[in-house]
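Welcome! Keep the viewer open and try each task before reading on.

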Amino acid sequence: MVLYIALLCLGVLLGLLITRRAKRAGQESTGITQFRIDADEQFRGLRVSSNVDSLAFDGSEAEIVSQEEHMECAPTGGSIIGYSITRYAINRAGEYFMFKSNIGARPFIKHLPQNRASIVLKDKYRAPGAPIATPEPAPQSNITATLA
């Protein structure tokens, strides 16, 4: 009888632990989804003017060529402690830009010279003068996770 009660208590504790972890995972998933939405709004709302027209950037018109996400998890409990999205985009003039958004930091954008863009983007690179598509939703991401 004592063994039966002990097993019953153990089952209840395991159930509570599983429920708690599932709830935490759901909250983290919701947080990541919101971060993706925020990063997309930052990107699409970004405008950079330049004296050289080809170096101007308008996120609402730019084509996203590639996107990477990086997630950093705590070694205990698996909580997410860092998350970033890096997008490589091309403007209407055929110039490439790198956009990066990190949780808790201001996003930034940087122009990529053609030679660097061809190295970073490999087969996704298009030479200047190639037509760009109309803006579409962000492509599926490559997510990498590391333990801190």
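**Exercise 1.** Is Lys122 buried or exposed?

*Solution.* Start with the ground rules. This is a predicted model, in which local features need pLDDT of at least 70 and side-chain atom pairs count only at pLDDT 80 or more, while totals for chains, interfaces and linings use all residues. Residues are numbered from 1 along each chain as its sequence is written, and side-chain values use heavy atoms, leaving out hydrogens and water.

Next, the cut-offs: buried means under 20% relative accessible area, exposed means over 50%, and partly exposed lies in between (1.4 Å probe, protein chains only). With a relative accessible area of 63%, Lys122 is exposed.

Now place Lys122: it sits in the loop between α2 (114-121) and β7 (142-147). Helices here are DSSP runs of H or I with at least four residues, strands are runs of E with at least two, and both are numbered from the N terminus.

Finally, look at the backbone. Lys122 has a positive phi, near 50°, although it is not a glycine. As background, most residues other than glycine have a negative phi.

**Exercise 2.** Describe the overall make-up of the protein.

*Solution.* First list the elements: the protein has two helices and seven strands. Their order along the sequence is α-β-β-β-β-β-β-α-β.

Then turn to burial, where 27% of the 148 residues count as buried. The accessible surface is about 9600 Å², and carbon and sulfur atoms account for 60% of it; these areas come from the Shrake-Rupley method with a 1.4 Å probe, and for residues only the protein chains shown count as cover.

Last, consider contacts, meaning heavy atoms within 4.5 Å. Taking contacts between residues at least 6 apart in sequence, 51% join residues at least 24 apart.

**Exercise 3.** Which residues of α2 are buried?

*Solution.* Begin with the list: Gln114, Ala117 and Leu121 are the buried residues of α2. Viewed down the axis of α2, they fall within an arc of 55° (taken from the directions from the helix axis to the C-beta atoms), so they line one face of the helix.

As for the cover over the buried residues of α2, it includes β3, β4, β5 and β6.

**Exercise 4.** Find how β5 and β6 are arranged.

*Solution.* Two strands pair if DSSP finds at least two bridges between them. Strand β5 (residues 96-102) and strand β6 (residues 108-112) pair in the antiparallel sense, over five bridges. To trace one of them, go to Tyr96, whose bridge partner in β6 is Leu112. Then follow the chain through the turn: β5 and β6 form a hairpin with five residues between them, and Gly104 in this turn has a positive phi of about 80°.

**Exercise 5.** How many salt bridges does the structure hold?

*Solution.* A salt bridge is a side-chain nitrogen of Lys or Arg within 4 Å of a carboxyl oxygen of Asp or Glu. The structure holds five; let us visit some of them.

- Asp40 and Arg87 form a salt bridge, with their closest N and O atoms 2.9 Å apart. This pair links distant parts of the chain, Asp40 in helix α1 (residues 2-45) and Arg87 in strand β4 (residues 80-90), 47 residues apart. Arg87 is buried at 2%, whereas Asp40 is partly exposed at 26%.
- Asp58 and Arg47 form a salt bridge, with their closest N and O atoms 3.0 Å apart. Asp58 lies in β2 and Arg47 in β1, so the pair ties together parts 11 residues apart in sequence.
- Arg92 and Glu61 meet in a salt bridge at 4.0 Å, N to O. Arg92 is in the loop between β4 and β5 and Glu61 in the loop between β2 and β3 (63-73), 31 residues apart.

**Exercise 6.** Which residues does Leu55 touch, not counting residues up to four places away in sequence?

*Solution.* First find Leu55 in the loop between β1 (47-48) and β2 (57-58). Leu55 is partly exposed, at 29% relative accessibility. With those sequence neighbours set aside, Leu55 touches Ser50, Asn91, Glu95, Phe97 and His111. Now take Glu95: its C-alpha atom is 6.7 Å from that of Leu55, though the two are 40 residues apart along the chain.
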